[in-house]
Amino acid sequence: MSDAAWRQERGPGGAATPVCEIDGGSPGPTWLLSAAIHGDEYEGPEAIRRAVRELSGMKFPGRVIALPVANPMAYAAGVRCTPEDRGNLNRVFPGDANGSVTPQWADWLWRTFAARADRLIDLHAGGAFFEFDPVAGFYEDVDAPMAAVFGFTLWRAPPTPGVFSHEFRQRRGSAFGLELGFGGTRDEKLTDTAHRAIVRLVRGETAPVHGPIYSNHDISALHGGEWSSRCRRGQEIKKGDVVGVMHRLDGTLISEIRSPIAGRVLAFRRVASAQPGDLLVGIGVPE
Ligand SMILES: [Zn+2]
């Protein structure tokens, strides 16, 4: 066991980010805790900083690598994607050393941190664009009792190429992707819940898997325009229910958007402007 000592690590392009490593004092897994892969998501960095404070000096099996601000360029600008190349860091793992700064940064994170870890907790939030029902995402059934420690809605995260947690699960070990608050602000209750759950997980706890596990069905924009949601987080909807409307920029109606499936609203778009292909509503379908 050792006291936490933060250091600055400099990645491709020269941006620096704080890193802390804690040895729990006995053999066990190496946990990588990451947040702010998207720069407008604020619960995760603070949950990790609090977990580091609590775990330092505590005895636990294994080791923790804490990376609270995984995309310092986007974080500094307060935006989702890397300003330098408009890259979405959470779509380019395990990265490309010969790409633009975002895939280079992913490659550096992967080689420097992920390649030494056995377990990953990657904390996200809805940011400015999306309102999320808090979910604990996981990929494999064997990981569900660890995901359940968060006490959030359980979510079977989709196998989206380039997503940090998905690529980590394919190559390294148990991986969790959390979606916490939204609105480009920090929700204190969610921050506290996440911080406590991280400490319990690192100390080896699991929890019984209660309630449904949801897979997601995304409703994306067919047309660009002015989007207005007509649904609430956590709302149970039936097939055919209207979940939002799309108008042209001159205000004329393009279409009502109806859900093609019954389920629970896990996420919806907050920002009014939408381009073809943008996510509008994420429907959770119980397995
Ligand atoms: Zn995110």
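1. Two strands are taken to pair where DSSP finds at least two bridges between them, and in this predicted model that criterion bears directly on S11 and S16, which are joined by two bridges and run antiparallel. One of the residues involved is glycine 225, whose bridge partner in S16 is alanine 274.

2. Strand S11, covering residues 225-229, is also joined to strand S13, covering residues 242-247, by four bridges, and these two strands likewise run antiparallel. Within this part of the sheet, tryptophan 227 stands opposite methionine 246, a residue of S13.

3. Taken as a whole, the arrangement is an open sheet of four strands in the order S14-S13-S11-S16, with antiparallel pairing. Strand S14 (253-258) and strand S16 (273-274) each have a single partner strand and stand at the edges, so one side of each is left without a neighbour in the sheet.

4. Turning to a helical residue, glutamate 54 has its place in helix H1, which spans residues 43-55. Is glutamate 54 buried or partly exposed? With 16 other C-beta atoms within 10 Å, glutamate 54 is partly exposed, because a residue counts as buried at 20 or more such atoms and as exposed at 12 or fewer, with partly exposed in between.

5. As for separation, glutamate 54 and leucine 190 lie 136 residues apart in sequence, while their C-alpha to C-alpha distance in space is 17 Å.

Terms used
Residues numbered from 1 in each chain as written. Predicted model: local features only at pLDDT ≥ 70, side-chain atom pairs only at ≥ 80, totals over all residues.
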